[in-house]
Amino acid sequence: MTSAPSPAPFALSARGITRRFGGLVALNDVTLEIPKRQVVSLVGPSGCGKSTFLRALTMLDPADEGVITIDGQPFGNAPGPGSRTTRQSPREFERMRAKIGLVFQQFNLWPHMTVEKNITTAQRIVLGRSAAEARARAHELLQRLHIAQLADRYPSQISGGQKQRVAIARAMSMDPTLMLFDEPTSALDPEMIGEVLQLLRDIAAEGTTMLVVTHEIAFARNVADRMVFMDRGEIVADGDPRQIITSHDNPRIRQFFNKISHAHA
Ligand SMILES: Nc1ncnc2c1ncn2[C@@H]1O[C@H](COP(=O)(O)OP(=O)(O)O)[C@@H](O)[C@H]1O
Ligand SMILES: [Mg+2]
């Protein structure tokens with residue numbers, strides 16, 4: 001008997017993610033699955049749980065409940081039947097974590113390392129690449145992101161927009177299965193926002209699987225394939241960005257986009 005070929009696994013599958021802070025349920029049973037090459041925007045009011053969700057996905061701040069797989073492989077301790085749980089070795093855990101690239105609002109570069117060192121260190125430690133391999137990959141990305149001239153500078157010597165390019169290059173250098181961005185343009189001066197958004201468009205056009213938390217509605221409308229709207233720790237809409245932005249029947253979603261369009265008018 002031959003079985004049908006199994007469908008390609010999701011780049012990310014996160015099922016039943018719940019995160020509590022004392023009495024506050026910051027994430028309530030959130031399920032999100034992202035096929036490869038899809039670009040998803042994650043939007044919603046401040047405090048609704050977007051950053052908590054990204055931190056849970058990378059296990060920087062693990063969820064209380066839920067199951068995550070990357071490329072069909074379990075990430076973290078998988079609950080088994082009854083009380084049996086499969087424990088992942090620290091090495092395997094770090095290998096899985098490296099499949100997710102995370103770019104923060106505040107860049108989070110290592111201040112005591114040059115730009116080049118910021119991009120090569122994790123490649124060497126986590127992926128075991130040689131110094132030469134890591135350097136070659138770093139320089140290829142620095143060229144592509146038009147910041148090759150910054151390789152020997154320290155983070156304090158470059159602008160916010162340049163720092164964010166370096167942070168993106170650092171995430172890409174790990175060849176992640178998917179990239180997460182948490183408000184990547186919110187800390188930038190207005191004249192730098194456009195150039196970083198253009199870079200995100202380029203990365204998206206290359207077929208990178210991306211989940212982007214953003215208030216840039218033009219980006220969410222024109223670049224993302226799909227919008228996920230979160231409110232009070234739950235996903236309340238998931239689908240076509242234009243439909244959600246212009247004509248969703250949930251009054252809280254309508255109110256959110258009305259406010260944003262007035263703020264930008
Ligand atoms: N470490 C924490 N301790 C306690 N409460 C937290 C913590 N992190 C986030 N929260 C709370 O969880 C909720 C979701 O926060 P967050 O994920 O940062 O929202 P968003 O990124 O959508 O603005 C908020 O009410 C926030 O105050
Ligand atoms: Mg946030």
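In β9, L180 is the bridge partner of L102. That pair belongs to a predicted model, in which local features need pLDDT of at least 70, side-chain atom pairs count only at pLDDT 80 or more, and totals for chains, interfaces and linings use all residues. Residues are numbered from 1 along each chain as its sequence is written, while chains are lettered from A and ligands numbered from 1 in the order in which they are written. Helices (H or I, at least four residues) and strands (E, at least two) are DSSP runs, numbered from the N terminus. Here is a tour, starting with the sheet that holds this pair.

- β8 and β9 run parallel and are joined by four bridges.
- β9 and β10 are also parallel, over four bridges, with F181 opposite V212 in β10.
- Strand β3 (residues 39-43) pairs with strand β10 (residues 210-213) in the parallel sense over four bridges, and V39 stands opposite M210.
- As a reminder, strands of a sheet pair through backbone hydrogen bonds, either parallel or antiparallel.

**Strand β9, covered on both faces**

- Five of the five residues of β9 are buried, so the strand is largely enclosed by the rest of the structure; buried means 20 or more other C-beta atoms within 10 Å of a residue's own, exposed means 12 or fewer, and partly exposed lies in between, with C-beta atoms placed from the backbone.
- In a regular strand the side chains alternate between the two faces of the sheet.
- In β9, one side carries L178, L180 and D182 and the other M179 and F181, and all of these are buried.

**Helix α5**

- Helix α5 (residues 160-172) has 13 residues that should span 18 Å at 1.5 Å a residue, and its end C-alpha atoms are 18 Å apart, which agrees; the expected span is 1.5 Å times one less than the number of residues.

- A second topic is an open sheet of four strands in the order β2-β1-β4-β5, paired antiparallel.
- Its edge strands are β2 and β5 (73-75), each of which pairs on one side only.
- The twist from one strand to the next averages 25°.
- Strand β4 (residues 65-70) pairs with β5 in the antiparallel sense over three bridges, and I70 stands opposite Q73 in β5.
- L32 lies in strand β2 and is buried, with 20 other C-beta atoms within 10 Å.
- Leaving out residues up to four places away in sequence, L32 touches A14, V228 and I235.
- L32 and R226 are 194 residues apart along the chain, and their C-alpha atoms are separated by 12 Å.

**Around ligand 1**

- Ligand 1 is surrounded by F21, L24, A26, S46, G47, C48, G49, K50, S51 and T52; a residue belongs here if its C-beta atom, placed from the backbone, lies within 6 Å of the molecule.
- β2 (24-34) and α1 (50-58) are the elements that give two or more residues to this shell, and α1 gives the most, with three.
- The shell divides into four nonpolar, five polar and one charged residue; Ala, Val, Leu, Ile, Met, Phe, Trp, Tyr, Cys and Pro count as nonpolar, Asp, Glu, Lys and Arg as charged, and the others, Gly among them, as polar.

**R55 in α1**

- R55 lies in helix α1 and counts as partly exposed because it has 17 C-beta neighbours inside 10 Å.
- R55 touches L60 and D61, not counting residues up to four places away in sequence.
- The C-alpha atoms of R55 and L102 are separated by 9.0 Å, although the two residues are 47 apart along the chain.

Key:
Pairing = 2+ DSSP bridges. Axes fitted to C-alpha atoms, helices over the stretch in contact; angles between N-to-C directions. Contact = placed C-beta atoms within 7 Å.
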